[in-house]
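Open the model in your viewer and keep the selection panel at hand. The stops below say what to select and what is there.

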Amino acid sequence: MMPPRVKVCCIGSVVEARLAIEHGASALGLVSAMPSGPGVISEALIAEIASTVPPPVGTFLLTSSTDATHIAAQARQCRVNTLQLVDAVEPATYTYLRTVLPATKLVQVIHVESEANVAEAARVAPHVDALLLDSGRPSATIPELGGTGRTHDWSLSRRIVEAVDTPVFLAGGLRASNVGEAIRAVRPFGIDLCSGVRSDGALDPVKLGVFFQAVCEAA
């Protein structure tokens with residue numbers, strides 16, 4: 001089995017972007033305004049970081065907006081190649097974004113909380129380029145839309161992987177100590193993490209190295 005792609009999220013500077021890529025990251029997560037969670041930076045800084053990232057590395061703009069025109073404006077401002085929609089959107093939003101941003105990839109986050117999310121993923125998958133399974137709680141008083149550091153029920157994630165033809169990224173509480181188990185349990189296309197490779201909020205080259213080694217060993 002080929003190792004899963006690795007997306008390092010919550011990138012906060014050009015230096016962190018370079019460090020993640022040097023260790024083997026296939027994609028970087030750049031977090032715009034969120035109701036909660038770590039890693040939020042300005043859209044100006046996102047654009048600056050994205051402009052330094054060489055192809056074919058993915059630059060994922062994490063957006064909590066559900067307004068199609070606002071999402072499109074964010075993508076243009078930030079000059080990213082991928083939109084990660086961290087909240088549920090109407091089907092018409094995908095159609096609009098495909099029309100106005102034909103070269104931009106769409107990734108929809110599914111927050112895996114219950115059996116209902118398996119059916120949700122199957123409905124959404126045909127409209128996007130990838131799914132990302134996370135451990136948020138969109139219905140919380142202050143919505144949690146990622147960056148929780150929690151794992152979720154990987155058996156549900158495995159069912160989603162088996163139910164869709166779309167590539168699936170797995171996120172939520174992943175670190176070197178559990179990523180092998182996660183890969184074997186879910187068989188995702190890609191892995192996504194933030195806090196698992198950080199120390200005191202900063203990207204840690206030692207933790208990055210250990211994590212990527214664990215991914216390779218699991219595969």
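**The end of helix α7**

Select R187 to begin: just after α7, this residue has a positive phi of about 55 degrees. Helices here are DSSP runs of H or I with at least four residues, strands are runs of E with at least two, and both are numbered from the N terminus. Most residues other than glycine have a negative phi, and most peptide bonds are trans.

A word on the source: this is a predicted model, in which local features need pLDDT of at least 70 and side-chain atom pairs count only at pLDDT 80 or more, while totals for chains, interfaces and linings use all residues. Residues are numbered from 1 along each chain as its sequence is written, and side-chain values use heavy atoms, with hydrogens and water left out.

**Back along α7**

Now select residues 179-186, which form helix α7. Which of its residues are buried? They are V179, G180, A182, I183 and V186. Buried means under 20% relative accessible area, exposed over 50%, and partly exposed in between, with a 1.4 Å probe and protein chains only. The arc is that of the directions from the helix axis to the C-beta atoms. An α-helix has 3.6 residues a turn, so residues three or four places apart point the same way.

Contact means heavy atoms within 4.5 Å.

Select C10 and C194. A disulfide joins them, with an S to S distance of 2.3 Å; the rule is a pair of cysteine sulfur atoms within 2.5 Å. By this rule the count comes to one disulfide. The pair links distant parts of the chain, 184 residues apart: C10 is in the loop between β1 (5-8) and α1, and C194 is in the loop between β8 (190-193) and β9 (198-199). The torsion about the S-S bond is about -120 degrees, so the disulfide is left-handed. Both C10 and C194 are buried.

Stay on C10 for its backbone. Phi is positive there, about 60 degrees, although C10 is not a glycine. Its relative accessible area is 9%.

Next, select C9. Its sulfur is 4.3 Å from the closest cysteine sulfur, in C10, which is too far for a bond. C9 is buried, with a relative accessible area of 5%. Then go to C78, whose sulfur is 13 Å from the closest cysteine sulfur, in C9, again too far for a bond. C78 has 0% relative accessibility and counts as buried.

Select residues 43-50, helix α2, where I46, A47, I49 and A50 are buried. Seen down the axis, these buried residues fall within an arc of 165 degrees, so they line one face of the helix. The elements covering them include α1 (14-22), β2 (27-31), β3 (58-63) and α3 (68-78).

Move on to P55 and P56, which are joined by a cis peptide bond with omega of about 5 degrees. P56 is in the loop between α2 and β3.

**Helix α3 and its neighbours**

Show α3 together with helix α4 (residues 91-100). At what angle do they pack? The angle is about 35 degrees, and the axes are 9 Å apart. Axes are lines fitted to C-alpha atoms, for helices over the stretch in contact, and angles run from 0 to 180 degrees between N-to-C directions. From α3, the contact is made by A68, T69, I71, A72 and R76; from α4, by T93, Y96, L97 and V100. These residues divide into six nonpolar, two polar and one charged. Here Ala, Val, Leu, Ile, Met, Phe, Trp, Tyr, Cys and Pro count as nonpolar, Asp, Glu, Lys and Arg as charged, and the others, Gly among them, as polar.

Within α3, select A75. A75 is buried, with a relative accessible area of 5%. Not counting residues up to four places away in sequence, A75 touches L61, V80, L83 and L101.

The last stop is R79, in the loop between α3 and β4 (82-85). R79 is not a glycine, yet its phi is positive, about 55 degrees. R79 is exposed, with a relative accessible area of 55%.
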